[in-house]
Amino acid sequence: MGGDHAPHEIVAGAVHAVRERGLSVVLVGSPRVVYEALADHDATKEVPIVRAEEALAMDEGALASLRRPRSSIAIACHLVRRGDASAVVSAGSTAGIVATGRLRLKAQQGVLRPAIAVALPTLPTPTLLLDAGANAEAKPEMLVQFAHLGAAYAELAYGIEAPAVGLLTIGSEAEKGNKLVKRAHELLQASPGLSFAGNVEGHDLLTGKVNVITTDGFTGNVALKTMEGAVRYAFSELRETISDSRLARLGAAMQRSRLRELRRRLDAEAYGGAVLLGLNGTVVIAHGSSKAPAISAACQLAADLSADGIVAGTGDRVAATHRSHRLW
């Protein structure tokens, strides 16, 4: 029920995930509304519906999760906690998803705050950026914990040994940044079990300089959306340039496969969504503007993470590190 194009694009994505990817999907929401959307795809017998008469609006924040304990996202989390579902996928209000997840699924042992981890399309492996929006206000200890969550996730999900961790700030020198960043830098340097590579800047987001970038949710979200906007602008300008002349169109035709691959790699919808790390359950947050292909990809991401036990394994590693070293 959440998302700028809900429920029709969400339902279309779920149907695609079932038919084309072979996944088992349950839709949570208003039975009448969801049933009508499923009927548009002749899928009323393929995708079950779990009733939830309430839904969080896109402009509602964390407090709405307390006022609406029977919202669709709350019931979806309850299904995971009860073992009736393996993961939650939502394109709804990020603040509502994070707050409801914390309330319903609870934080993993030793975790101060969950963090949103986004995979940036670097090569040969993605770079994880976290937090990308769950915690606008953060303490230095939280940035250290985000680094450990990201490093554990990078090891388990991408097979990266001793992932290099960078701290996002305004300069590569250790003394650059505000009080939060400077203190976080000191703690990261002294944090055992972490391969801290120092500070990174905004222009390092897509260079693959490090495997994990840690920051507060405010900075991370602004950085992520700035990058997404820059990529859209670049492709818009590229399309205009290609259509300027016959010679340009010919050159583009000769490079068509490479251009398509580049667009696919940089397309946020191809990645499905971000992972909310630090909870006792797998939660994938899709972009609010997601359409059917992105929702289908988000379902695949959630299924893969759940099947491989990635989120649970990440929590186990962070908890073990916390017990051994009392890092926060």
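Lys 106 is partly exposed, with a relative accessible area of 39%. For that scale, buried means under 20% relative accessible area, exposed means over 50%, and partly exposed is in between, using a 1.4 Å probe and protein chains only. Lys 106 sits in the loop between α5 and β4 (115-120). Its phi is positive, about 70 degrees, although Lys 106 is not a glycine. Most residues other than glycine have a negative phi, and most peptide bonds are trans.

Before I go on, a note on where this comes from. This is a predicted model, in which local features need pLDDT of at least 70 and side-chain atom pairs count only at pLDDT 80 or more, while totals for chains, interfaces and linings use all residues. Residues are numbered from 1 along each chain as its sequence is written, and side-chain values use heavy atoms, with hydrogens and water left out.

Which other residue has a positive phi without being a glycine? Asp 42 does, with phi near 55 degrees. Asp 42 is in the loop between α2 (31-39) and β2. At 67% relative accessibility, Asp 42 counts as exposed.

Next, the cis peptide bonds. One joins Ala 6 and Pro 7, with omega about 0 degrees. Pro 7 belongs to the segment before α1 (8-21). Another cis bond runs from Leu 130 to Asp 131, and here omega is near 10 degrees. Asp 131 is placed in the loop between β5 (127-130) and α6 (140-158).

Now the protein as a whole. It has twelve helices and ten strands. Helices (H or I, at least four residues) and strands (E, at least two) are DSSP runs, numbered from the N terminus. The radius of gyration is 20 Å, close to the 20 Å that the globule rule gives for 328 residues, so the protein is as compact as a globular protein of that length. That radius is taken over C-alpha atoms, and the rule is 2.2 Å times the number of residues to the power 0.38. Along the principal axes, the C-alpha atoms fill a box of roughly 60 × 60 × 35 Å.

Of the 328 residues, 48% are buried. Among contacts with a separation of 6 or more, 68% are between residues 24 or more positions apart. A contact here means heavy atoms within 4.5 Å.

Let me take helix α4, residues 72-82. Eight of its eleven residues are buried, so α4 is largely enclosed by the rest of the structure. The buried ones include Ile 73, Ile 75, Leu 79 and Val 80. What do the buried residues of α4 pack against? They pack against β1 (27-29), β2 (49-51), β3 (87-90) and α5 (94-104). After α4 comes Gly 83, with a positive phi near 90 degrees.

On to the strands. In a regular strand the side chains alternate between the two faces of the sheet. Strand β6, residues 164-168, has five of its five residues buried, so β6 too is largely enclosed by the rest of the structure. Ala 164, Gly 166 and Leu 168 are on one side of β6, Val 165 and Leu 167 are on the other, and both faces are covered. β6 pairs with β7 (residues 195-200) in the parallel sense over five bridges. Two strands pair if DSSP finds at least two bridges between them. Leu 168 has Val 200 in β7 as its bridge partner.

Thr 214 is also part of this picture. Thr 214 lies in strand β8, residues 212-214. Is Thr 214 buried or exposed? Thr 214 is buried, with a relative accessible area of 0%. Leaving aside residues up to four places away in sequence, Thr 214 touches residues including Leu 130, Phe 146, Val 165, Gly 166 and Leu 188.

Last, strand β10, residues 282-285. Thr 282 and Val 284 point one way, Val 283 and Ile 285 point the other way, and all are buried. β10 pairs with β3 in the parallel sense over four bridges, and Val 89 has Val 284 as its bridge partner in β10. With β9 (residues 274-277), β10 pairs in the antiparallel sense over two bridges. Here Ala 274 has Ile 285 as its bridge partner. β9 and β10 form a hairpin with four residues between them, and Gly 278 in the turn has a positive phi of about 105 degrees.
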